[in-house]
Amino acid sequence: MTETDITRLTIRRPDDWHLHLRDGAMLRAVLPETTRHFGRAIIMPNLVPPVVSGAQAVAYRDRILAALPAGANFTPLMTLYLTEETDPTDVRRAHADGIATAVKLYPAGATTNSASGVRDFDKVRPVLEVMAEIGMPLCVHGEVTDSAIDIFDREAVFIDKVLKPLRKKVPDLKIVMEHVTTQNAVDYVRDSHKNLAATITTHHLIINRNHILAGGIKPHYYCLPVAKREAHRIALVQAAISGDKRFFLGTDSAPHTDPAKLQPCGCAGIFTAPNTMSCLTEVFEVAGKLKKLEAFASLNGPQFYGLPPNDATITLEKGAPVTYPATIPTDDGPLTVFDPGFDLHWRVVD
Ligand code: NCD
Ligand code: ZN
């Protein structure tokens, strides 16, 4: 069967290796959108206040579990928000107790709720040494925050100025470069043969910076790292469809209500959880690589994290355009769902 004849595809149940679920009413509104299709997700800790300790991660995990829809088969994999005060002993214990899967590094000021992040990387060195020793991955928001650096260059500069020196100092540390957006990051990951991988979002496989800025400003396409020019988007697609084990899905589905996004200083984040699998399947089909979708969405991530792939499967079927709500109601206002700008034909049927 050639690619064009494929109208039904069964893959292992996917996981989302970078997800924002928030808390309270927003958590209850968005959680079913992920649990419908995904088996596990790495849960981002950038709440207000952030999830910095093992005890806070347990409490947040319990709130997520309490909000699960009836019958959902979903495991939240918790992360700890790295600060300059993080206690290495607490990290060691949270990992050993199966509470925290990874630690998240936000350079201070890089993105939504990152004010408590790291300014002086030497201060977190003892935590990173412990993580290297116990094999606990560090998830990195890879952008410098220097206001003198152009926002479109912040990922590339981060690689040279922060990531390379850090990997030299702690070579045994497993690192995930989160939501990569540039050819530079793809090349850097491809050239590294140990302890480095990258997540790629759904939206960065679909939009470039013209989608945000040409023909009127589109706040619903604004996220961080900001989408780059088309050549970078193509590099991301090439990495995703390659089957290379170092690239896997992290949607970075990041819900903010419309009132929070549509204002003079709107929030960064794109909400892709409801239609991510339909979007991704379309991207892989257009590239003629449907058979690589499973590696990207369901196999490469668990392998890097040292976990087995999910036993369960999902089946996608091609047909008439998929309908999905343009917005989802929350107690705090409507939440706009990512619009890929083209019809989606693949729906999860099983
Ligand atoms: C994320 C959020 O809203 O929490 N926003 C985003 O634009 N991706 C934070 C992040 O992952 O940078
Ligand atoms: Zn994120």
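H179 sits in the loop between β7 (175-177) and α6 (183-190) of this predicted model. H179 has a positive phi of about 35 degrees although it is not a glycine. With a relative accessible area of 2%, H179 is buried, because the cut-off for that class is under 20%.

**Backbone geometry**

- Most residues other than glycine have a negative phi, and most peptide bonds are trans.
- D252, which is not a glycine either, has a positive phi of about 55 degrees.
- D252 is placed in the loop between β9 and α9.
- V48 and P49 are joined by a cis peptide bond, with omega at about -5 degrees.
- The loop between β3 (40-43) and α2 (54-67) holds P49.
- Another cis peptide bond runs from L224 to P225, with omega near -5 degrees.
- P225 lies in the loop between α7 (209-213) and α8 (230-241).

**Zinc site (ligand 2)**

- H18 and H20, each through NE2, and D252, through OD, coordinate the zinc ion (ligand 2) at 2.0 Å.
- The site of the zinc ion (ligand 2) has 4 donor atoms, with angles of 92 to 134 degrees among them, and is tetrahedral; the class applies because all angles lie between 85 and 135 degrees.
- For four tetrahedral donors the ideal angle at a metal is 109.5 degrees.
- Along the chain, the donors of the zinc ion (ligand 2) are spaced as H-x1-H-x231-D.
- Distant parts of the chain are linked by the pair H18 and D252, which are 234 residues apart.
- H18 belongs to strand β2 (residues 16-19), whereas D252 is in the loop between β9 (247-249) and α9 (258-261).
- H18 has a relative accessible area of 1% and is therefore buried.
- D252 likewise counts as buried, at 5% relative accessibility.

**Helix pair α10 and α11**

- Two packed helices are described by the angle between their axes and the distance between the axes.
- For helix α10 (residues 276-286) and helix α11 (residues 293-305), the packing angle is about 140 degrees and the axes are 9 Å apart.
- α10 and α11 are therefore oblique to each other, since roughly antiparallel would require an angle over 145 degrees.
- On the α10 side the contact involves M277, L280, T281 and F284, which meet L293, F296 and A297 in α11.
- The residues of this contact between α10 and α11 comprise 6 nonpolar, 1 polar and no charged.

Note on methods
Residues are numbered from 1 along each chain as its sequence is written. Chains are lettered from A and ligands numbered from 1 in the order in which they are written. This is a predicted model: local features need pLDDT of at least 70, side-chain atom pairs count only at pLDDT 80 or more; totals for chains, interfaces and linings use all residues. Side-chain values use heavy atoms; hydrogens and water are left out. Axes are lines fitted to C-alpha atoms, for helices over the stretch in contact, and angles run from 0 to 180 degrees between N-to-C directions. Helices (H or I, at least four residues) and strands (E, at least two) are DSSP runs, numbered from the N terminus. Angles under 35 degrees count as roughly parallel, over 145 as roughly antiparallel, 65 to 115 as roughly perpendicular and the rest as oblique. Contact means heavy atoms within 4.5 Å. Ala, Val, Leu, Ile, Met, Phe, Trp, Tyr, Cys and Pro count as nonpolar, Asp, Glu, Lys and Arg as charged, and the others, Gly among them, as polar. Donors are N, O and S atoms within 2.8 Å of the metal (3.2 Å for Na, K and Ca); water is not among the atoms, so sites may look incomplete. Four donors count as tetrahedral if all angles lie between 85 and 135 degrees; four count as square planar and six as octahedral if opposite donors are over 155 degrees apart and all others between 65 and 115; anything else is irregular. Buried means under 20% relative accessible area, exposed over 50%, partly exposed in between (1.4 Å probe, protein chains only).
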